[in-house]
Amino acid sequence: MSDKSRDRSRLDSRGTERELLAELNSLRVRAARRRGKARLSLQDLTAATGVPKSSLANYLTGRTAMPLDVLDRLLLALGVDPVDAGAWATRWERLTGERLGNRTADSGLSRAGTTEGQRDDEPAHGPDPTAPGTPDRPGPALPVPAQLPPASTAFTGRQHALAGLDELLAEVDGKPGTPVIAVVTGTAGVGKTTLVTHWAQRVRDRFPDGQLHVNLRGFDPARDPVPPAEAVRGFLDAFDVPRHRVPTGIDAQINLFRSLLTGRRMLLVLDNARDADQVRPLLPGCSGCMALITSRSQLPGLIAVQGARPIALELLATEESTALLARRLGAGRVAAEPAAVDEIVRHCAGLPLALAVVAARATTRPRFPLAAIAAELREAPRRLDPLAGTEPGIDVRAVLSWSYAQVGAPAARLFRQFGLVPGPDIGVAALASLAGASVPEVRPPLAELVDAHLVTEHRPGRFTCHDLLRAYARELADADPEPDRRAATRRVLDHYLHAAHGAERPLQPPRGPIALAEPAPGVTPERLDDRAAALVWFAAEHRALVAAVEHAADTGHDGHAWQLAAACVSFFDLRGHWHDWTGTQEIALGAARRLGDRAAEAHAHRFLGGAATRLGRFVAAHAHQSRALELFGELGDQLNQAFTHRSLGWIAERSGQHATALRHDLRALELFRRTGHRVQEARTLNSVGWCHAQLGDHRQAIADCERALALLDEKGDLDGVAMTLDSLGYVHRLLGEHARAAELYRRAQELFVALGDRHGEAEAGANLGDTLREAGDPERAAAAWRHALAILDDVDDPKAARVRASLDELVCAELDPDGPRTGWRSAI
């Protein structure tokens with residue numbers, strides 16, 4: 001073993017102070033031999049260190065405690081390298097404790113004074129070892145850094161995030177050797193630094209040994225990120241470590257830094273980190289310390305390896321945004337113009353930086369009404385223009401650009417294409433079609449965008465970005481070649497169109513087939529042949545599909561607009577989305593007329609009539625269906641004529657014109673038989689039976705409905721079976737056979753539930769309640785009505801009023817079994 005290895009081995013053992021002094025004198029001997037002397041005299045050491053001989057004699061014999069700066073000079077004079085000098089100093093500090101509390105002026109601490117930032121009532125050597133929360137073994141005497149930036153006076157909200165940090169604070173004195181690490185992440189401008197600074201200032205007294213802070217400049221466009229070596233050296237300077245004691249290698253500097261933290265209770269704020277590699281060297285290695293990191297990246301490596309706790313910072317809620325404006329502008333000014341404040345809040349999209357920029361503008365214009373500020377935001381040609389500040393740090397577009405500049409080329413291209421997304425969010429498969437790539441190809445750049453907080457996975461498998469990020473993405477996309485933008489828009493619309501028509505098939509659309517063009521290259525729509533999967537897909541894509549219909553019409557894709565609207569009708573009917581049904585079909589009708597496509601116009605009229613029927617608007621419904629019948633007749637389309645006749649029959653029946661309804665149903669029955677559509681023939685036979693029941697021919701009604709039930713059961717049409725069971729329940733109820741009627745209604749309701757048909761479930765439930773009331777069971781009737789009413793209210797069905805009246809009058813009303821009733825017929 002070499003002399004140096006033996007020295008380090010001795011230094012690593014826990015010796016006494018006397019043993020260390022003996023070893024120090026041995027170093028004198030070896031240093032003298034290197035110089036050709038038997039021993040270095042006190043005079044030699046005085047010349048090298050500047051320490052008087054008498055003092056050195058007392059120090060080396062142990063009569064007086066050797067100050068740490070003297071040890072530093074002595075080790076340097078004896079030729080000890082910086083790494084070993086650091087180990088010597090650490091051991092010496094641990095052994096001497098409070099006796100080395102007074103450092104010389106060279107170390108940055110006066111003998112009678114306190115360190116910069118230290119509280120007046122705190123001893124110079126550090127916290128009281130007996131105080132609660134103080135580590136068991138006090139560390140060496142060091143300055144108490146107080147580097148936290150000032151907190152914002154306008155801070156508001158963020159209660160959930162603050163509570164999360166408070167919970168972590170309770171773990172600081174946890175398992176030995178385990179520091180607490182928190183990672184506060186969020187998109188650019190969301191207020192990560194503001195939150196962390198506010199919380200750190202609030203709890204600074206819980207870290208009496210000091211608070212360290214560094215801006216790592218992870219996303220600064222003007223300057224490079226701070227290297228770990230520079231940050232560590234800054235922390236060593238905060239501890240007044242003399243330059244000659246700082247090791248030359250980064251690893252040795254990190255070890256010295258962590259040694260200085262050992263036995264202390266300190267808070268480290270590592271702000272604006274670029275990635276995990278920039279942060280890891282700065283983390284403490286002991287309990288009693290807490291590292292608080294902010295980053296636009298999610299830093300999953302720190303979470304997985306170092307056990308860091310993530311705290312995701314979301315956009316501000318409307319109430320929090322309003323409160324922030326009130327803190328900056330004054331509660332009176334905000335309260336005086338609530339409408340303008342609401343518009344400002346909407347435009348700023350919950351992004352604190354945007355709110356701060358607008359508030360600064362309003363503050364510098366105290367005589368301007370807030371309505372003028374709101375108008376400026378509203379009327380700007382580009383949404384981000386009014387949010388530009390006088391310097392990059394308060395310019396929303398600039399701040400967002402810093403995140404965008406950090407991602408790779410594939411992720412940057414994908415982010416620009418987010419500016420072309422038609423809906424509020426998008427699934428992975430649709431995003432892949434938008435990008436003209438496969439799902440596996442799009443996942444890596446998508447993950448990069450999520451990690452950079454340019455995109456958020458707000459629900460499993462669904463991605464979005466807030467309005468200001470979307471506006472920025474759109475600005476970037478507008479700079480791409482126009483043919484590329486149009487091709488991407490065509491791909492995403494093709495995706496929704498073909499996926500929706502595929503998902504519609506298991507729902508048995510009430511119309512003839514619609515011929516679709518082949519999807520564009522790069523489009524890979526989902527295949528959904530199962531009814532349950534189709535309903536799940538429609539539910540997830542609901543808002544995106546409505547937006548896609550609007551976007552198709554706005555961008556000149558009129559064929560996509562009417563065909564996609566048609567594909568959504570079955571789902572809208574099943575789930576009771578009457579207003580979306582109406583809105584998309586109004587767009588479809590306009591698109592059809594622009595195309596001069598009479599078949600498309602006929603479909604739009606028929607579907608508008610179906611939505612109007614559901615909403616109880618029978619005059620408008622009849623007008624639309626009549627025009628559809630006329631157009632389908634001109635086109636010679638017998639199948640869709642049959643569907644339209646059945647819809648007209650439903651309108652007539654709802655209007656009390658049962659004979660007219662029967663005539664339409666019989667004509668539909670004839671046309672379905674002629675075109676060979678057996679399932680629709682059976683469904684129409686159910687409608688014919690219903691009309692016979694309304695006209696008083698109950699036995700014929702039962703015969704028609706039972707024939708329909710047998711054929712529907714044979715074809716496996718569960719929708720038709722459920723509707724026909726409901727019709728049979730009504731006929732048996734009219735005959736006074738309440739037990740049989742209740743059984744049929746329950747079977748129908750169970751099928752509707754299984755099929756995901758909320759409207760059918762409510763209809764059957766309401767009819768079951770009527771039957772139970774007539775059978776003398778008011779309690780069970782009320783339960784059935786309440787269940788039905790909850791659904792009918794949710795889907796805004798006009799039948800809700802009748803059910804509510806039945807509940808209100810349960811005690812005193814007698815239901816009229818011969819009064820007007822509704823059964824299950826298709827509105828379309």
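## Helix 33 and helix 34

Helix 33 (residues 698-715) and helix 34 (residues 718-734) pack with their axes 9 Å apart and at an angle of about 160 degrees. Axes here are lines fitted to C-alpha atoms, for helices over the stretch in contact, and angles run from 0 to 180 degrees between N-to-C directions. Helices (H or I, at least four residues) and strands (E, at least two) are DSSP runs, numbered from the N terminus. Helix 33 and helix 34 are therefore roughly antiparallel to each other; angles under 35 degrees count as roughly parallel, over 145 as roughly antiparallel, 65 to 115 as roughly perpendicular and the rest as oblique. Their crossing is left-handed, a term used if the near helix is turned anticlockwise from the far one by less than a right angle, with right-handed for clockwise.

On the side of helix 33, the contact is made by residues including Ala701, Ile702, Cys705, Leu709 and Leu712, and on the side of helix 34 by residues including Val721, Leu725, Leu728 and Val731. Contact means heavy atoms within 4.5 Å. By class, the residues of the contact of helix 33 with helix 34 are 11 nonpolar, five polar and two charged. Ala, Val, Leu, Ile, Met, Phe, Trp, Tyr, Cys and Pro count as nonpolar, Asp, Glu, Lys and Arg as charged, and the others, Gly among them, as polar.

## Basis of the values

This is a predicted model, in which local features need pLDDT of at least 70 and side-chain atom pairs count only at pLDDT 80 or more, while totals for chains, interfaces and linings use all residues. Residues are numbered from 1 along each chain as its sequence is written, and side-chain values use heavy atoms, with hydrogens and water left out.

## Two further helix pairs

Helix 24 (residues 531-554) and helix 25 (residues 558-567) have axes 8 Å apart and pack at an angle of about 150 degrees. Helix 24 and helix 25 are therefore roughly antiparallel, and their crossing is left-handed. Phe538, Leu545, Ala548, Val549, Ala552 and Ala553 in helix 24 meet Asp558, His560, Ala561, Leu564, Ala565 and Ala567 in helix 25. The contact of helix 24 with helix 25 has 10 nonpolar, one polar and one charged residues.

For helix 36 (residues 758-774) and helix 37 (residues 778-794), the packing angle is about 155 degrees and the axes are 8 Å apart. That makes helix 36 roughly antiparallel to helix 37. The crossing of helix 36 and helix 37 is left-handed. Among the residues in contact are Arg758, Glu761, Asp770 and Arg773 of helix 36, and Arg780, Trp785 and Asp794 of helix 37. The contact of helix 36 with helix 37 divides into 11 nonpolar, three polar and six charged residues.

An open sheet of five strands has the order 2-3-4-1-5, with parallel pairing; two strands pair if DSSP finds at least two bridges between them. Strand 2 (211-215) and strand 5 (309-312) are the edge strands, each pairing on one side only. On average, neighbouring strands of this sheet are turned by 15 degrees against each other, direction ignored.

Strand 1 (residues 180-185) runs parallel to strand 5 and is joined to strand 5 by four bridges. Threonine 185 has alanine 312 in strand 5 as its bridge partner. Helix 8 (residues 192-202) lies across strand 1, strand 3 (267-271) and strand 4 (290-295), and runs at about 160 degrees to strand 4.

Three strands form an open sheet in the order 6-8-7, and the pairing is antiparallel. Its edge strands are strand 6 (426-427) and strand 7, each of which pairs on one side only.

Strand 7 (residues 456-459) and strand 8 (residues 462-464) run antiparallel and are joined by three bridges. Glutamate 457 stands opposite phenylalanine 463 in strand 8, and arginine 459 stands opposite arginine 462. The two strands form a hairpin with two residues between them, and glycine 461 in the turn has a positive phi of about 80 degrees.

## Aromatic pairs

Rings of Phe, Tyr and Trp (its six-membered ring) pair if their centres lie within 6.5 Å; planes under 30 degrees apart count as stacked, over 60 as edge-to-face and the rest as tilted. By this rule there are 10 aromatic pairs. The ring centres of phenylalanine 235 and phenylalanine 257 are 5.3 Å apart and the planes lie at 25 degrees, so this pair is stacked. Phenylalanine 235 is in helix 9 (residues 228-238) and phenylalanine 257 in helix 10 (residues 250-261), so the pair ties together parts that are 22 residues apart in sequence.
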